[in-house]
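This briefing is meant to be read with the sequence and the 3D view side by side. Please find each named part in the view as you go.

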Amino acid sequence: MKIFKQIGIAGLLVLTSVPGYSEIDFTGSWTPLFHEDYPERFPGPELGDYMGIPVNAAGRLRGDSYDADRISMVSQYECRPHGSDYNMRGSANLRISRDLDPVTQAPVAFHTFIGFQSAQRTIWLDGRPHPPEYADHSWAGFSTGVWDGNMLNITTTHLKEYYIRRNGVPRSDQAVVTEHWTRHGNYLTVIVVINDPVFLTEPLVRSENWIYDPGQEILPSNCEPAPEVPNPPGVITPHHLPGTNPFLHEVADWYGIPYDAVRGGAETMRPEYRKVMGKPEHVPEKCERYCDCGKDAGACNLH
Amino acid sequence: MQSTIKRAIWVAVAAVGALSAQQAPPAELHVLPVQGNIYMLVGAGGNITLQIGKQGVLMVDTGLAANAAAVYAEVKKLTNLPIRYIINTHVHPDHVGGNEGLAKLIPPNRAQPLSIIANENVLNRMIKPRPDGTTQQFGLPTDEYYLPFKALNYNGEAVIIYHELNAHTDGDSVILFRGSDVVSTGDIFTPDAYPFIDVAQGGSVEGELKALTHILELTVPAKTEEGGTLVIPGHGRLCEETDVAEFRDMMAIVRDRIQDGIKKKKTLAQIKADKPTLDYDTEYYRQGAFVTPDMFVEAVYKSLTGGK
Amino acid sequence: MKWRAAILAAGVCGWLVSAAGQQPQQNFDNVKIQVTPVQKNIYMLFGAGGNVTVQGGKDGVLLIDTEFEPLVPKLMAEIKKLSDGPIQYIINTHVHGDHVGGNDAFYKLIPKNPQLPLNIIAHANVLNRLTAPGPNGAPGTSTAEHPGFPEDEYDTPYKDFYYNGEPIFIYHEPNAHTDGDSVILFRGSDVVTTGDIFTPDSYPFIDIARGGSVKGEIDALDHILELTVPADHQEGGTYVIPGHGRVCDEADVVEFRDMVVIVKDRVQDLIKKGKTLDQVKASKPTEDYDTEYGANGADRFVEAVYKSLSGK
Amino acid sequence: MRRILFAILIVGAVPALTFAQGGRGGGRGGPPPQGKAGAPVDLSGYWVSPIFEDYRWRMFTPLKGDAASVPINDAARKIVDAWDPAKDEAAGEQCKAYGAAGIMRVPGRLHITWQDDNTLKIETDAGTQTRLFHFTGQAPKEGEPSWQGYSAAKWEVTALPGGPAGVGLGMLPRQGTKSRTLDVVTTQLRPGYLRKNGVPYGANTTLTEYYDHWSEPSGQEWFTVTTVVTDPEYLAIPFVTTTDFKKEPDGSKFNPRPCTAR
């Protein structure tokens, strides 16, 4: 009898309700796992490290010319959040919430909030079109998501120019980013594919993992850019003139890597490159920088 | 590679239905509501800024001559109120070209006569005979100014017109709509193309940089360096302060590189050979764009060396 | 009504000359707070002392100047009627007690919220003077005992930020009424708050002892005229909230600026003729303005102009 | 009266059951088909792994002592500091970095084929290793530990994370999501290296992998494997990485080569 009753209730519900939505629910708080590129992602990348980026000549020279003083001297850079493509590999925690249509209860959008510079983002699930090409761009860009089974495929346009790596390798405002989100138990896997005709010779694919970590208090950041002092005659934008950046060889020498590999580019990223990549100029005896990042699931210290 | 990426992007965007925007033929006009009283009219040549309020219509720039009728029709779709003001940011034909046609199309209004505002240098250049010997009769600036700035209150907000000295030309105006919180820059700022520094008509790289810095002073972003004051460029998409900052930094960096070359006694040819814009060409030079990297380098070089 | 308020204000202001920075012994029990809607986000509050500017909107509340400590509860009550948002900004236009007197009391009354911290902004010279050592080496008052002192000071030509959906520009006007004057432009609401650089019903109090000068005063008034844009027929458009007195627009500032320039020229001329301060006063260079701006302030004004021009 | 009501309820129940099963399984009724027949995506073919992330640690044999990013413990740290490739060679253990927990991170190419209807085979050119994914659903037979261990695979039947999969008031029977993920659990592993410079994993390691197939807007096929290495012996927490593989038109670049210890 009892069983019948339960099944019966279910049956009535099936008969009387619209079919359920069969998507993965990403909502909740997540903590990033830094089991790849921890030193780059937390303390920050080494200068001149373009490894793993299919960067073109333009992007490489931008990196060579980059001077981090720009962030302190040009106030427009001070309170920037990360671009939404970089944010998923950033170092702050993530909260995902979901909008439902008040009438149909159908999912309308996912919202993500990341504490660093209060980066907020909306991923529309209701099939709306992207804005026209001459519309304003933003750090988060304009994102729409389409389900394919248990994977959410996201397309983002209208991004502001930002960095692919925080050592000055840029990602342009013409880039189109596609993402693939999927969830396995308590792991969220986010695959980010950056198509940038301006700075990349082929798509850049990076994938990050987050672990479900409910009950976090993720606070906003209150950053007010310093007042823009009218620039002195002859505008100052800190940068290294071509061929004058003294730091470009550091990463190769510190880690015993051939300089050509450090310079990045699609050809350096194929397995067969190992055969032709040549010898490093200098190889340390043993690891001296960031050797224990993440030991005992701990933080990333230089020594 | 490039083309496959372009295709990839096209597919991606098409896939989410922005098809029309992507395929739009250039001649077709689009209207983008910006904020407050301001609309951006795209496709007539240079971008046209429209301020529409209870009193009437103020437009910044008029596009190419050929599109004047289409522009007028587009404005009429938005409002029946009269066009009271036209402000020209500078003298180039893709920004003043529509003046003549519009001046003829706009019905005479004795209560609110059409007033065409521009820096006096724009007028001085427009009254010169055209190549064909004729001179322009209609649509010349009627209300030219020569002071550092001119202010008016229209449609319930303060509109400030700043003269930017020797920037893109010698007659550039940047317009601030104070209530709507929008800045219209003319060709001093073009987010996806190198600036055309018209040295022959009084432009200079230092003036460009000063003007861009002034625009940065006028813009105030909302939280996290985003939103707040919106910026309508001479060509290209709607922008904000950080977009102007990127552009300003490009200008400053290229200027420094060329200055360095000049210090090292390099000739223009040698400096061009150094490709001082290599890392910006993919961003600011599209096939068929008006200003080629070499033109830009040459303009900066001449501006820095005093035309030599 | 407003007229009486203005006189009272002028009186308080005058009374303060000897005691700027101190709390007056005056009884405020019967003072009522008048609330005047100005334009868009902006309201003007007045009880006694300087005018208070209130900007309220979706983000919260911004205040300019705080009058006197005893009035703060009354001001708070009125502000709460206008907006229940948090008070996140207090800006002081200058150092005088009838403009900063309520800072501490506001600081104590405003609930602390680490996510929405209270920013108290003024030009650096305001903070410097508030914390400066007293006469004959008495130790300066510390920000520890005065949490309401403007510790978010700025020392650049201007500071801008975005609040309640509009850009706000704070301009430093060098050596005008004092050496720490700020003029605030609410660009979206189209309202300018001038502090005591502009007081439509009384002669400007050029506080030479605190770095004021007649030249700076005139430059500041000219700058205010650059910021204001009238609507049709030279009225309306940008509204101006003076340090004391009624809500004004550009035309009122023009009148005031012209008065200051004319009096300055007259005094300058007399100085050229080698007249002493007493002789200058005796020649009544402000006679034609005294009925408008109050004879009681004339001598002080003339004296300030004289000293400022002669450097004596 | 009561009887009639039950009758209605049962009628109502039928779609509920099948609907639920259909969603949770994929086939209507009975367990979802596994192996080749049940494959929701085609992983067969040649694949290459371009090195986008962990470049320093994957493309090169990292400097001795470099365990950055791996949540190792003190026991592991001792082994890392004692790493000596010569010893491994002498012991004939050049393949320690090519075991199941490390192989997918070694730069190289994969050849994926169906060995039979219930066995998916992955051959690597780097170290010429072979992994067999068994869809039989049976528990692994006790066997000798090996570099590649025993891998039990299944097509994920429902991607609903946690929570009761049951039926309750106010909710529909969970339909689940048509999953496209391949789940693989590998045990019986011979101790090896997560990285070539001797960052170890132990004999009790359980390797859980999730294979997700996706495509670029251009149509280019990829799969990303999320690898969770659980090793109570040497890891403070599970070591989680994702490795991306790009489909190649043919095997022309598939270049088998032996393991190396250096």
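In chain B of this predicted model, a hairpin joins β2(B) and β3(B), with five residues between the strands. G43(B) in this hairpin takes a positive phi near 115°.

- β2(B) and strand β3, residues 48-52 of chain B, are paired in the antiparallel sense, and four bridges hold the pairing.
- Within this pairing, M40(B) has T49(B) of β3(B) opposite it.
- β2(B) also pairs with strand β1, residues 30-35 of chain B; these two run antiparallel and are joined by five bridges.
- Q35(B) is placed opposite I38(B) of β2(B).
- The hairpin of β1(B) and β2(B) has two residues between its strands, and G36(B) in the turn has a positive phi of about 60°.
- Strands of a sheet pair through backbone hydrogen bonds, and the pairing is either parallel or antiparallel.

**Two helices of chain B**

- Helix α8 (residues 241-263) and helix α11 (residues 293-305) of chain B have axes that come within 10 Å and cross at roughly 65°.
- The crossing of α8(B) and α11(B) is right-handed.
- On the α8(B) side, the contact is made by M250(B), M251(B), V254(B), R255(B), I258(B), Q259(B) and I262(B).
- On the α11(B) side, it is made by F296(B), V297(B), V300(B), Y301(B), L304(B) and T305(B).
- Sorted by class, the residues in the contact of α8(B) with α11(B) are ten nonpolar, two polar and one charged.

**A sheet in chain C**

- Six strands of chain C form an open sheet with mixed pairing, in the order β7-β8-β9-β10-β11-β12.
- Which strands stand at the edges of this sheet? They are β7 (158-163) and β12 (248-249) of chain C; each has a single partner strand, so one side of each is left without a neighbour in the sheet.
- β7(C) and β8(C) are antiparallel and share six bridges. D160(C) has F169(C) as its bridge partner in β8(C).
- The hairpin of β7(C) and β8(C) has two residues between the strands, and N164(C) takes a positive phi near 50° there.
- β8(C) also pairs with β9(C), in the antiparallel sense and over six bridges. The bridge partner of H172(C) in β9(C) is S182(C).
- Strand β9 (residues 181-186) and strand β10 (residues 191-195) of chain C pair in the antiparallel sense over three bridges. I184(C) has T193(C) as its bridge partner in β10(C).
- Eight of the eight residues of strand β8 (residues 166-173) of chain C are buried, so this strand is largely enclosed by the rest of the structure.
- E166(C), I168(C), I170(C) and H172(C) point one way from β8(C), while P167(C), F169(C), Y171(C) and E173(C) point the other way, and all are buried.

**Chain A and the largest nonpolar core**

- Chain A has 303 residues, and buried residues make up 60% of them.
- Its secondary structure comes to eight helices and eleven strands.
- Among contacts in chain A between residues at least 6 apart in sequence, 60% join residues at least 24 apart.
- Which residues touch the most other members of the largest nonpolar core? In this core of 60 residues, they are W181(A) and Y55(D).
- Strand β10 (residues 187-195) of chain A gives the most to this core, with six residues.
- Leaving aside neighbours within four places in sequence, Y55(D) is in contact with residues that include M51(A), A261(A), Y273(A) and F60(D).

**W222 of chain D**

- W222(D) lies in strand β10 (residues 221-230) of chain D.
- Is W222(D) buried or exposed? Its relative accessible area is 1%, which is under the 20% limit, so W222(D) is buried.
- W222(D) and L43(D) are 179 residues apart along the chain, and their C-alpha atoms are separated by 9.2 Å.
- Not counting residues up to four places away in sequence, W222(D) touches residues including V205(A), W47(D), F52(D), W214(D) and F245(D).

Technical notes
Residues are numbered from 1 along each chain as its sequence is written. Chains are lettered from A and ligands numbered from 1 in the order in which they are written. This is a predicted model: local features need pLDDT of at least 70, side-chain atom pairs count only at pLDDT 80 or more; totals for chains, interfaces and linings use all residues. Side-chain values use heavy atoms; hydrogens and water are left out. Axes are lines fitted to C-alpha atoms, for helices over the stretch in contact, and angles run from 0 to 180 degrees between N-to-C directions. A crossing is left-handed if the near helix is turned anticlockwise from the far one by less than a right angle, and right-handed if clockwise. Contact means heavy atoms within 4.5 Å. Ala, Val, Leu, Ile, Met, Phe, Trp, Tyr, Cys and Pro count as nonpolar, Asp, Glu, Lys and Arg as charged, and the others, Gly among them, as polar. A nonpolar core is a set of buried Ala, Val, Leu, Ile, Met, Phe, Trp, Tyr and Cys residues joined through side-chain atoms within 4.5 Å. Buried means under 20% relative accessible area, exposed over 50%, partly exposed in between (1.4 Å probe, protein chains only). Two strands pair if DSSP finds at least two bridges between them.
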